[in-house]
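Subject: Structure handover

Hi,

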Amino acid sequence: MHNVSLPEHLQAVAITKRYGGVCALNAASFSLRAGEVHALMGENGAGKSTLARILAGSTPADGGSISLDGAPVRIASPLDAQRLGIGIVYQELDLFPHLTLAENIVIGNLHFPEGQWIAPSRMRAFCAPFLDQVGLHMDPFLPAAALSIGQRQLLVIARALSMDARILLLDEPTSSLFDDAAERLFALIATLKSRGVSIVYVSHKMDEIFRICDRATVLRDGATAGTVEVPHTTPAELIRLMVGRELQLAPRGMSSPASRNSEEPLLTASNLCTAKLKNVSFDLYRGEVLGIAGLVGSGRSALGAALTGMDRITSGTLTHAGAIGLLPEDRRLQGLMMRMSVLENATLAVLGRLSRFGWIRRQEEQSELAPVMRRLALTCPSLAAPVSQLSGGNQQKVLLARWLLRNPAILFLDDPTRGIDIAAKQDIYRLIQELAAVGTGLILVSSELPELLRCCDRILVLHEGRLAARFAAAEATQEKIMNAATNVAANAAQPC
Amino acid sequence: MLMLHLPPLKKAQRLVALAALLLLAVLISPTAADGSRIFLQAGNLTDILRQVSLIGIISLSMTFVILTGGIDLSVGSILAFSTAVAAMFLTRGYTTHMAVAIAAAVAASTLAGLLNGVVIATTGIQPFIVTLASMIGVRGLAKWLTSNQNIDIGFGRDLAAEFAAAFREKAVVIGAYALAAAVSWTVLARTVFGRHVRAVGDNEKAALYAGLPIRSTKIAAYLLSGLFTGCAGVLYAAENHQGNPNAGVAYELDAIAAVVIGGTRLSGGQGSISGTIIGTLIMGVLTNMLRLNNVDSNVEMMIKAVIIVLAVAVQRERNTN
């Protein structure tokens, strides 16, 4: 602990925040040293995003104090934060999609010089160095909607830098990035750190934290469970701080796809083309977990849209025995009715079965849901509680419950563990194995390669809408998959 | 996020607001010759219910439309259309049964609602625009059918007069509102359709992914709006003894006001029939109270404006995300 005496740059003491009767933060404390990368960890609902938003001035705290370099400060609005040099990159990147990159940087920016008159040439001159710093070499007059998610994130960081941020809060920045974009982000973080920018890195991901963070503060139930020096700790220690108990990462019990030659496939796609897919062919068998790897925008989600009829198939054929369920990528935008209850969300897709002449049979509705909830280890204050009150993990389980009630023969899971806590991830991995064991065909899209390697029998890699490679799980490695996904080696494709 | 069971709290707020308004109405009520408060007289209280019944019925179906994330601006015109069709059937010898005339008016209005729904659901044009167009078009249709003349229903002994006598009874009007309210509450709370209405308004994209029948849900909501408005039109014709192609102007705004005062989110997904009923009663009691006290009707509008904004401000979602 040689550097304990380093001055604390930003200090938040006894921060409290309540939403109605729920205490999101209960006297949580956090301190950040100049020039460090400090991880803010915790399960979903632990309060880390709330703390980040309080530091960024977008959520007011109910109690506690914040000081910057020893002087007490008041951060009542994002503008206050900007004046103090605090910038934030939210998980759901807060951009104006129809405005240009330059306009997104300039808007609300106290550092963009004087006046109401925004000349394009001045915008370009103002933005260029910051776009350059983050490695976004694009026309600043493109609309932000034209960027990929990774590029949008860089744009938000460029905006924060242009506001002269000395403290940068990153809220789960890699939750929607594939590894190459994440690599670029890590390199950028290292550069920023070397320039003296302090970074608060909100994340669940152990490997990232051990790679790039100097210290880690763990929140549990809205309070600070501990702050540790990352080089002197272990993942097990951090997990213990997060959940208050040790967790085992279960290894994948591999089922053998060897005896499948004689079997009829559950789903066959041959030369499938849509607006976003080109000549994709594969089979899916009963009880198989088929992994889909690829960068964001490579066609992973487009495959789900094609299989479920959301996107029109322009050529090629798709045959499948049985219904296809789709767990969408973004549970808030595409999955849940946030104002409706847990019960209503879960049974939404099977109301036909749970009703007679249009009348909902409410007893059966509850009695059918109960075993599914137990199976998912889904916990909620009550079945009538709005899903908006649940943690991310439990929200995802509500969506899974919707499909389990439907019991489709084929289930397409689009990044099901994105942004959810470790315990819920474990529950979802366990469920995937259980479903495969009873013969459901599963297609699992994931941004996390270790997850694919652990859960799947075979892995397909997509690149720009095409099938770049296919691997049996036994022969796949992170490196091989990455190479195929980024098309580093054109000869990576190997039939299996 | 984390609105811990706010909906019941909001419901309590609305009831408290209504109770407070009732108390105020009692306190400032002028007194009759015998010293009793006029506001509390049975005749006055039932007058309030009768006066709110037409807007009340329309606002019930408007609740469904708004819950889907839509809006129906055409209800005032559809009401006029309904009065015109009813009066034409009753006075021009098309039928000898009043039921046929009523059925024709309601069916015609339902058809107009169906048309709204089909256009909205199949073209994807915003409901505001589609129903704005039909607000204009259906008004034109009503005026064209009647040559822009009121069709008077007499006080004699003919079919039309019998119809008017029967359907302007206070008990019939209030009973129709009560029935419509009971049906609406049950449909929203207990049926698959009601669940789908809220789901579509809450998150249409998620409804698509869940495989819900989005189009037919929307069509049914607008159809219901036409149906209920048609019924309100029949009551209007009886009450006013005429088919009037200029009836119902600005009714859509009163109905929308009752719905939003009742706590239904204008962008859909959240709201209730009980809230709409309370919203309707708040507006009705307020009007009655002000008129009993001889408040100028222009001032009345200004007070209503303040009430609408206050009611919505108090109930707004304290959304932190």
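A quick definition before the helix packing: an axis here is a line fitted to C-alpha atoms, taken for a helix over the stretch in contact, and angles between N-to-C directions run from 0 to 180 degrees. Please also keep in mind that this is a predicted model.

**Helix packing in chain B**

With that in hand, take helix α8 of chain B (residues 192-202): its axis is 10 Å from that of α10(B), and the two pack at an angle of about 105 degrees. Angles of 65 to 115 count as roughly perpendicular, so α8(B) and α10(B) are roughly perpendicular to each other. On the α8(B) side the contact is made by Phe193(B), His196(B), Val197(B) and Val200(B), and on the α10(B) side by Ile214(B), Thr217(B), Lys218(B), Ala220(B) and Ala221(B). By type, that contact has 6 nonpolar residues, 2 polar and 1 charged.

Helix α10 of chain B (residues 214-240) also meets helix α6 of chain B (residues 159-167), where the axes come within 8 Å and cross at roughly 105 degrees. By the reasoning used above, α6(B) and α10(B) are therefore roughly perpendicular to each other as well. Phe163(B), Ala164(B) and Phe167(B) come from α6(B), while α10(B) brings Val234(B), Leu235(B) and Ala238(B). What kinds of residue make up the contact of α6(B) with α10(B)? They are 6 nonpolar, with no polar and no charged ones.

**Confidence**

Chain B has a mean pLDDT of 91, and 95% of its residues reach 70 or more. The stretch to watch is residues 1-6 of chain B, where the pLDDT is below 50; that stretch still has 20 contacts in the model beyond near neighbours in sequence. For the complex, the predictor gives an ipTM of 0.86 and a pTM of 0.77.

**Where the chains meet**

On the interface, 28 residues of chain A are in contact with 23 residues of chain B. Three elements of chain A each supply at least two residues to the side that touches chain B: β2 (22-33), α10 (331-335) and β17 (359-360). Which of them gives the most? That is α10(A), with 3 residues. The side of chain A that touches chain B divides into 16 nonpolar, 9 polar and 3 charged residues.

**Helix α13 of chain A and what follows**

Helix α13 of chain A covers residues 392-406, and at 1.5 Å a residue its 15 residues should span 21 Å; the end C-alpha atoms are 22 Å apart, which agrees.

Just after α13(A) comes Asn407(A), with a positive phi of about 50 degrees. This residue lies in the loop between α13 and β18 (410-414) of chain A.

Ala14(A) is another one to check, with a positive phi of about 55 degrees although it is not a glycine. Ala14(A) sits in strand β1 (residues 8-19) of chain A, and with 15 C-beta neighbours inside 10 Å it counts as partly exposed.

**Two loop residues in chain A**

Asp311(A) is in the loop between α9 (300-307) and β14 (315-320) of chain A. With 17 C-beta neighbours inside 10 Å, Asp311(A) counts as partly exposed. Leaving out residues up to four places away in sequence, Asp311(A) touches Thr274(A), Ala275(A), Lys276(A), Ala302(A), Ala305(A) and Ala306(A). From Asp311(A) to Ala409(A) it is 98 residues in sequence and 20 Å in space, C-alpha to C-alpha.

Glu36(A) is placed in the loop between β2 and β3 (37-41) of chain A. With 18 other C-beta atoms within 10 Å, Glu36(A) is partly exposed. Not counting residues up to four places away in sequence, Glu36(A) touches Ser198(A), Asp214(A) and Arg215(A). Glu36(A) and Val280(A) are 244 residues apart along the chain, and 45 Å separates their C-alpha atoms.

Cheers

Definitions and conventions: Residues are numbered from 1 along each chain as its sequence is written. Chains are lettered from A and ligands numbered from 1 in the order in which they are written. This is a predicted model: local features need pLDDT of at least 70, side-chain atom pairs count only at pLDDT 80 or more; totals for chains, interfaces and linings use all residues. Helices (H or I, at least four residues) and strands (E, at least two) are DSSP runs, numbered from the N terminus. Angles under 35 degrees count as roughly parallel, over 145 as roughly antiparallel, 65 to 115 as roughly perpendicular and the rest as oblique. Two residues are in contact if their C-beta atoms, placed from the backbone, lie within 7 Å. Ala, Val, Leu, Ile, Met, Phe, Trp, Tyr, Cys and Pro count as nonpolar, Asp, Glu, Lys and Arg as charged, and the others, Gly among them, as polar. The expected span of a helix is 1.5 Å times one less than its number of residues. pLDDT is the predictor's confidence in each residue, from 0 to 100. A residue is buried if 20 or more other C-beta atoms lie within 10 Å of its own, exposed if 12 or fewer, and partly exposed in between; C-beta atoms are placed from the backbone.
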